[in-house]
Amino acid sequence: MIQASLAPIHYPFLDALIHKSKARHSLNIGVVYPLSVDALKAAIDCHSHGLAHVVIYGPETGMHSLAQSSGLSLLGIEIQNVEGSAIEVAQKAVADCAGLHPRINALMKGSLHTDELLSACLKSSAGLRTSRRISHIFKFDVPGFEKPLFVADAVVNIDPGLNEKVDILTSAIEAMQQIGVKRPKVAIISATESVNEKIKATVDAKALCDMAAEGAFGNAVVEGPMGLDLALSRRSADIKGYESQVSGDVDLLLAPDLNAGNILFKSLVYAARAEAAGVILGAKVPIVLTSRSDSAYSRLASCAMAAALVQTADIF
């Protein structure tokens, strides 16, 4: 059983991300269907912390009623009144992201289902799709770690094949470089560091490393397959005689599938007491997905990450 700690925890890397993003004044974020208290508060927090111009999409009467009953103020928040289903609201927000002069350059999930938002974003007629598969990246601030730790993909791709992993890795590296990690060190994690034909993740890892050696991922250092112990601990690598530029100094953990990535995410948050910012990459705008169990701080940090990324269209 997890006991709440009385000792405050500081998250300097996410604090710095939020602070820097406040100065950009570049984010116009559409919050889609914020008809729960947590979703509406996240939109208000994003505005009140100066991270973005916030536009909320949904039935105006319902959003005002929720704000009033919850003691929240919508002062300074732009409201787009959209009556109808959650999917229809999402379609309106997505339409405002498309075209030559879009009003919105990022999206944030409110209280609708994830598949409702993504289906609106990924319709071929919506104008947000790119040639790259969508994927997700987390930036973790882990107590005791000397730098941020990124993880991809723990949210979107269930059982990615090699081609999908190329897109996931490419998007993650480009996003990291955009927010300041100039030469990412990547560990392609698996249960073992040996290539085993019966373990598909190790075969894919070897193929990705071969591509990296040919320059497919720019100046990133890509190694794998690699056990999580080797990725995080230089001592473990030394004991096992594993020569590596990444061990103990890893920036990005590339998960083999959604199961592994999601378990890793929850382990870091609930066991290591980390906080995380996360966005979807691969569309023409960054998309912030929120979970009902996300902290208010995590939601705010995710908006800051979106603000940091809208400076470059190439990764969306």
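Good morning. I begin with the second largest pocket, whose lining comprises 8 nonpolar, 2 polar and 4 charged residues. In this classification Ala, Val, Leu, Ile, Met, Phe, Trp, Tyr, Cys and Pro are nonpolar, Asp, Glu, Lys and Arg are charged, and the others, Gly among them, are polar.

The model is predicted, so to speak of local features requires pLDDT of at least 70 and side-chain atom pairs count only at pLDDT 80 or more, while totals for chains, interfaces and linings use all residues. Residues are numbered from 1 along each chain as its sequence is written, and side-chain values use heavy atoms, without hydrogens and water.

A pocket here is an open set of points on a 1 Å grid over the protein atoms alone, where a 1.4 Å probe fits, with protein on both sides within 12 Å along at least five of seven lines; lining residues have an atom within 4 Å of a point. A volume is the space filled by probe spheres set on the points, which are joined across faces, edges and corners.

The second largest pocket holds about 230 Å³. Of its 14 lining residues, Lys 20, Lys 139, Pro 148, Ile 179 and Gly 180 lie nearest the centre. Helix 1, residues 12–22, provides the largest share of that lining, 4 residues. Helices (H or I, at least four residues) and strands (E, at least two) are DSSP runs numbered from the N terminus.

Where does the largest pocket lie? Domain 1 (24–129 + 283–310) and domain 2 (130–282) both contribute to its lining, so the largest pocket lies between them. The domain bounds come from an automatic or database domain assignment. The centres of the two domains, taken over C-alpha atoms, are 28 Å apart. At their contact, 21 residues of domain 1 meet 18 residues of domain 2, contact being heavy atoms within 4.5 Å.

The largest pocket has a volume of about 960 Å³. Its lining has 38 residues, and Phe 265, Ser 291, Arg 292, Ser 293 and Asp 294 lie nearest its centre. By class, that lining holds 15 nonpolar, 15 polar and 8 charged residues. Helix 10 gives the most, 6 residues. Elements supplying at least two residues each include helix 2 (37–48), strand 5 (135–141) and helix 11 (296–309).

Finally, the chain as a whole. There are 11 helices and 11 strands. Of the 316 residues, 51% are buried, meaning under 20% relative accessible area with a 1.4 Å probe, protein chains only.

Notes:
Buried means under 20% relative accessible area, exposed over 50%, partly exposed in between (1.4 Å probe, protein chains only).
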